[in-house]
Amino acid sequence: MIVGVIGSGSIGPDLAYGFVTALAAEPGSRVYLVDVKQDALDAGVARIKGYVSKALARGKLHPKVAQAVEAALVPTLKMSDLHDCDYVLEAATEHLPIKRSILKELEGIVRPDCLIGFATSGIPRAQIANEAKVPDRCFVNHPFFPAWRTLPIEIVLSNDAALGRRMIQTMRKLGKVPIVTADVECFAADDVFCNYIAEAARIVEEGIATPAQVDKAVNDAVGGGGPFNVMDLTRGNKLVVHCQELMQHAPNGTPWFAPPAILTTQGNAPWHDPKKPADPSCSEAVRKQIVDRILAVLLGRAFAVMDDKTCEPSDLNWLLRMSLGFDKGTLELAETLGMPKVHELCAAFASRHPGFPIPPSVAAKRAPNLQRDIRVERDGDLAVVRVFRPEVRNALCARTLQELHDAVRALGADGAVRGIVLTSTDGAFAGADINELAALKTPEECEAVCLRGHALLEAITTCPKPVVMAGDGPVLGGGAETAMTCHARVVGKSFMLGQPEVDLGIIPGYGGSQRLPRLIGLENALPLLRAGKTLDATAACKLGWAHGEPSADPVAAAKALIRSHLEGKVKLAPVDPKPMTVPAKLPAQDIAHRSLATDAILVDVIRRGLALPLGEGLKIEAQGFARCRRTVDMDIGMKNFMQNGPRVPAVFLHE
Ligand SMILES: NC(=O)c1ccc[n+]([C@@H]2O[C@H](COP(=O)([O-])OP(=O)(O)OC[C@H]3O[C@@H](n4cnc5c(N)ncnc54)[C@H](O)[C@@H]3O)[C@@H](O)[C@H]2O)c1
């Protein structure tokens, strides 16, 4: 893929670095970085080289990948070099006439099928593209700081659905998670973000608190580092002024949106002096005033964006958490506070700040319809349920399981739905949420978590409609166990199956030790369960874990399989719950460095559990998982994983 990034200022080089690393494995790929100024280009290339050296030093980039990155990056002063690009992202100065003139020049250079994006922070797509020869290939692609690694990117689509689909695929290929927004001033995230910064600046301007006090109070309340720290990192004061002016003069703007003068006076000078950090302490009354004002603006604008249908509530919630670095998405925060409190904060703020709009759902104290971790789509009489936690490769936490359960139950009871595909944002299911597992303190807690998980996943197994899992990429641990509660599985070419629990000093807890042998046979299951071995897509199909052959489009294949079932051509069913015959002696298994203590529990669970009906086996597994809590090796395995990641083997004590 050949990509161009125009503008080598604050964000262009970061975007180019992100794209070039995402494309590093693709031979022949190239990323051009264009600027009109040689010094801007030189500074951009130096910054990218700095990122590469840092990543190499930290072992995050393989030397070969680093070489590929440097070879694929082409800095240039000539826009004409972009003639063979598949996609060009304009990330030049935030000024409408500049963006329009770049677009005009670009249209004379690039191929007719080249897609064009604008990284604008707030100018609507229609305003930039309205004079374009082919406006439908032009999109807003609004990235977030630091743009080389922040996943979300806002997309404003055009009127051409097929080009829109290509745009979204292009973003995914470049390592981004596209979030679609309406074409309004500042889209979704910058409306909330810039108003949040503007309010923080007003608090300082009015002499209520210092930037240090605001940052501490806000960070303690919602995370994210504090508004002035963020401004110092992004040097974004002027961009916020520009965005506030756009919102002030937008069709539903009011004078309240006007940027506070202090942002202009400050220019892009930093708010903090790192050599002389100011005292962030303040009285409780001041702290409360800061937090109440900031919360009112964050919540008020998030609900306004939702009520205006600028962005879907679940997407908006994720977008705000990921792009602004808060502890929780803003709508989830509203859920925690409760709508009466949200209303109280917004109403108090509006009474003192004329022109601050109270969104209809806040006025009505109506909670958002929020599915935090899953998305449900319809395709005729089929539903697709996607786990949406791309930042943790769709690991399943307690809330995800609850949402999955609720969605499957609702779809199972919906007469318009005849089958369900269960998948994730990208097909990967990284497993259970390790932070939650590591927080389990007692064997009783461990057993309870497993039993609750079994009960929630039972909704899939007992669903009256066929549920087929579509997986691609790594499907591990709890993700694989969830897949095995379905009535069938189909996999993509980059699928990889693993039950790596033993690497963490634990055993499966959501049925893996009981369903995997029932699906692929005991002999085939033991190397996965006891020694952390993996299966690729072809092997998973051959052994019967997955149906048919690896597919280029597993979601489409899952839909086709459901249709075949509905037409009576195949019969899909949950894993057979009957007891299995277990040999007196299990085949020998080299478990390498893994814990003998964990292995003993696992072997016992497998032997006793498989000899019983599945329901009984699951209880035995839950008790076995609880026994792991009594071993030292569970602490060692968990700690090693959290500190060193999955590639460094734990040094177990076998106790
Ligand atoms: N800085 C951020 O954190 C951020 C975040 C999201 C989006 N954006 C958006 O990205 C765009 C760039 O922002 P920035 O902060 O990097 O701006 P910037 O002012 O730091 O850099 C702009 C660069 O564009 C170059 N340029 C100007 N005209 C050009 C032309 N005709 N051809 C090629 N290069 C040209 C300038 O020389 C400069 O190097 C803006 O639209 C901005 O709203 C920025």
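1. Helix 8 and helix 12 are roughly perpendicular to each other, a term covering angles of 65 to 115 degrees. The axes of helix 8 (residues 211-222) and helix 12 (residues 284-307) cross at roughly 65° and come within 9 Å. Axes are lines fitted to C-alpha atoms, for helices over the stretch in contact, with angles from 0 to 180 degrees between N-to-C directions. Helices are DSSP runs (H or I, at least four residues), numbered from the N terminus.

2. Helix 8 contributes Gln213, Val214, Ala217, Val218 and Ala221 to this contact, and helix 12 contributes Val286, Arg287, Ile290, Val291 and Ile294; contact requires C-beta atoms, placed from the backbone, within 7 Å. By class, these residues are eight nonpolar, one polar and one charged (Ala, Val, Leu, Ile, Met, Phe, Trp, Tyr, Cys and Pro are nonpolar; Asp, Glu, Lys and Arg charged; the others, Gly among them, polar).

3. The model is predicted: local features need pLDDT of at least 70 and side-chain atom pairs count only at pLDDT 80 or more, while totals for chains, interfaces and linings use all residues. Residues are numbered from 1 along each chain as its sequence is written.

4. The assignment comprises domain 1 (2-180), domain 2 (189-363) and domain 3 (374-644), with bounds from an automatic or database domain assignment. Between the C-alpha centres of domain 2 and domain 3 the distance is 41 Å.

5. Around the ligand there are 27 residues, of which Gly7, Gly9, Ser10, Ala40 and Ser121 come nearest (near: C-beta atom, placed from the backbone, within 6 Å). This shell holds 13 nonpolar, eleven polar and three charged residues. Domain 1 and domain 2 each supply at least three residues to the shell.

Methods
Helices (H or I, at least four residues) and strands (E, at least two) are DSSP runs, numbered from the N terminus. Angles under 35 degrees count as roughly parallel, over 145 as roughly antiparallel, 65 to 115 as roughly perpendicular and the rest as oblique. Two residues are in contact if their C-beta atoms, placed from the backbone, lie within 7 Å.
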